[in-house]
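Here is a short walk through some helix packing and charge pairing. Have the coordinates open as you read.

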Amino acid sequence: MTNVAPAARVAIALGVALSATSAWGQTPSEKAAAEALFQEAADLMADNRFDDACPKYQASQELDPAVGTLLRLADCYDRVGKSASAWALFIEAETVARRAEQVDRAEIAATRAAELKQRLSTVKLRIADPGAVEGLTIVVDKAAIPEPSWGTALPFDPGTVQIQASAPGYEPWSSEVVVPVGPAETTIAIPLLERAPQQATEQRGLLTSAPATTPAAEAPEASSVQSTLGYVAGGVGLAGLAAAGALSYRAYTLNQDSLDLCAADDPNACTTEGKALRDDATKYGTYATIASGVGGGLLITGLVLILTAPSEKETAAPRYRVLADAGPRGGSVTLRGVW
């Protein structure tokens with residue numbers, strides 16, 4: 001993870017939430033691999049090999065999400081100078097820790113995030129006449145920046161970032177900017193895009209006029225409705241999966257807490273408080289299963305609706321091309337139809 005904008009921080013948070021859904025059903029081999037990666041990363045950190053340690057922590061977190069690993073990964077990013085990435089992960093670690101009632105870790109994450117915020121490197125995009133170019137898209141390091149974020153100071157990791165601006169019918173623009181180590185704010189001016197020139201062809205004495213174009217036929221109303229329903233269903237499905245992840249994590253922590261209140265030789269022999277915790281864990285686990293099933297079903301339904309929606313068809317109206325030939329035998333004009 002290199003230069004991180006707010007959109008990437010949202011992706012980090014969603015990724016951690018969704019990974020909790022699969023963590024509930026992890027295999028022992030996955031947990032063992034995650035532990036091995038964690039230990040290897042810790043050894044690399046002890047040897048000050050931070051650049052090698054960070055990918056190990058990240059791989060461990062992906063296999064077996066845990067607050068402790070998330071904190072170590074954030075600390076590793078901070079040590080290699082990825083201040084925005086570290087800040088985003090500390091914020092996420094605080095949220096997850098508070099949800100799991102791990103107060104000490106939540107306070108550590110909050111303190112580190114507050115300290116990092118004071119030395120962030122930010123980038124502000126200044127767009128020349130934003131409303132003048134319809135369909136304008138701004139991309140920074142392959143991540144699209146939402147229009148409401150234009151003009152806002154967005155956190156980025158220090159280093160070189162690639163910025164691109166494009167719009168239908170306009171010449172694209174791109175530039176590279178070096179983001180300094182924070183605290184610092186860099187303003188990038190995005191110029192007004194130039195319209196793309198009309199194409200003309202001149203070859204072997206033939207001057208060909210630009211072919212007349214006909215607007216594409218409007219897609220059937222049914223296609224638009226079906227696509228809209230697909231996106232709505234898919235969005236609700238993703239929300240359901242995220243909720244399932246949070247519920248699964250809550251069930252897991254409650255179940256872990258109940259183990260201290262149950263007999264070691266008989267897991268079902270618990271105190272009143274232990275039984276209550278276990279009942280709550282079962283309840284949250286059931287809710288997580290329902291949310292996961294409903295969310296997954298809606299997501300699949302949305303994809304099917306989107307992929308099976310009728311495509312737009314272009315009208316096949318005839319066009320005409322005028323060819324002028326200035327050869328050695330004199331001039332001639334030909335009118336040719338094109339379908």
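## How the helices are compared

Axes here are lines fitted to C-alpha atoms, for helices over the stretch in contact, and angles run from 0 to 180 degrees between N-to-C directions. One thing to keep in mind is that this is a predicted model.

## Helix 2 against helix 3

Start with helix 2 and helix 3, whose axes come within 8 Å and cross at roughly 160°. Angles over 145 degrees count as roughly antiparallel, so helix 2 is roughly antiparallel to helix 3. The crossing of helix 2 past helix 3 is left-handed.

On the helix 2 side, the contact is made by Glu30, Ala33, Ala34, Leu37, Phe38, Glu40, Ala41, Ala42, Leu44 and Met45. Helix 3 brings Phe50, Asp52, Ala53, Lys56, Tyr57, Ala59, Ser60 and Leu63 to the contact. Sort the residues of this contact by class and you get 13 nonpolar, one polar and four charged.

Which residue does glutamate 40 pair with in a salt bridge? The partner is lysine 56, with the closest N and O atoms 3.4 Å apart. This pair links distant parts of the chain: glutamate 40 sits in helix 2 (residues 28-46) and lysine 56 in helix 3 (residues 50-63), 16 residues apart.

## Helix 3 against helix 4

Next along, the axes of helix 3 and helix 4 come within 9 Å and cross at roughly 155°. That angle makes helix 3 roughly antiparallel to helix 4, and helix 3 passes helix 4 in a left-handed crossing.

Helix 3 makes its side of the contact with Phe50, Ala53, Cys54, Tyr57, Gln58, Ser60 and Gln61. Facing them from helix 4 are Thr69, Leu70, Arg72, Leu73, Cys76, Tyr77 and Arg79. By class, the contact of helix 3 with helix 4 has eight nonpolar, four polar and two charged residues.

## Helix 4 against helix 5

Helix 4 also packs with helix 5 (residues 83-99): their axes come within 8 Å and cross at roughly 160°. Helix 4 and helix 5 are therefore roughly antiparallel to each other, and their crossing is left-handed.

From helix 4, the contact uses Val67, Leu70, Leu71, Leu73, Ala74, Asp75, Tyr77 and Asp78. From helix 5 come Ser85, Ala86, Leu89, Phe90, Glu92, Ala93, Val96 and Ala97. The residues of this contact split into 12 nonpolar, one polar and three charged.

## Aspartate 75 and its arginines

Side chains of opposite charge can pair when their charged atoms come close. Aspartate 75 forms a salt bridge with arginine 79, the closest N and O atoms being 2.9 Å apart. Both aspartate 75 and arginine 79 lie in helix 4 (residues 67-79), four residues apart, about one turn of the helix.

Arginine 112 lies in helix 6 (residues 103-117) and aspartate 75 in helix 4, so the pair ties together parts that are 37 residues apart in sequence. Arginine 112 counts as partly exposed, at 23% relative accessibility.

Which residues are linked in a network of salt bridges? They are Asp75, Asp78, Arg79, Arg112, Glu115 and Arg119. The salt bridge count comes to 13.

## A look at helix 8

Finally, jump to threonine 289, which lies in helix 8 (residues 272-307). Threonine 289 counts as exposed, with 57% relative accessibility. How far apart in space are threonine 289 and leucine 241, C-alpha to C-alpha? The distance is 9.7 Å, and the two are 48 residues apart in sequence.

Key:
Residues are numbered from 1 along each chain as its sequence is written. This is a predicted model: local features need pLDDT of at least 70, side-chain atom pairs count only at pLDDT 80 or more; totals for chains, interfaces and linings use all residues. Side-chain values use heavy atoms; hydrogens and water are left out. A salt bridge is a side-chain nitrogen of Lys or Arg within 4 Å of a carboxyl oxygen of Asp or Glu. Helices (H or I, at least four residues) and strands (E, at least two) are DSSP runs, numbered from the N terminus. Buried means under 20% relative accessible area, exposed over 50%, partly exposed in between (1.4 Å probe, protein chains only). Angles under 35 degrees count as roughly parallel, over 145 as roughly antiparallel, 65 to 115 as roughly perpendicular and the rest as oblique. A crossing is left-handed if the near helix is turned anticlockwise from the far one by less than a right angle, and right-handed if clockwise. Contact means heavy atoms within 4.5 Å. Ala, Val, Leu, Ile, Met, Phe, Trp, Tyr, Cys and Pro count as nonpolar, Asp, Glu, Lys and Arg as charged, and the others, Gly among them, as polar.
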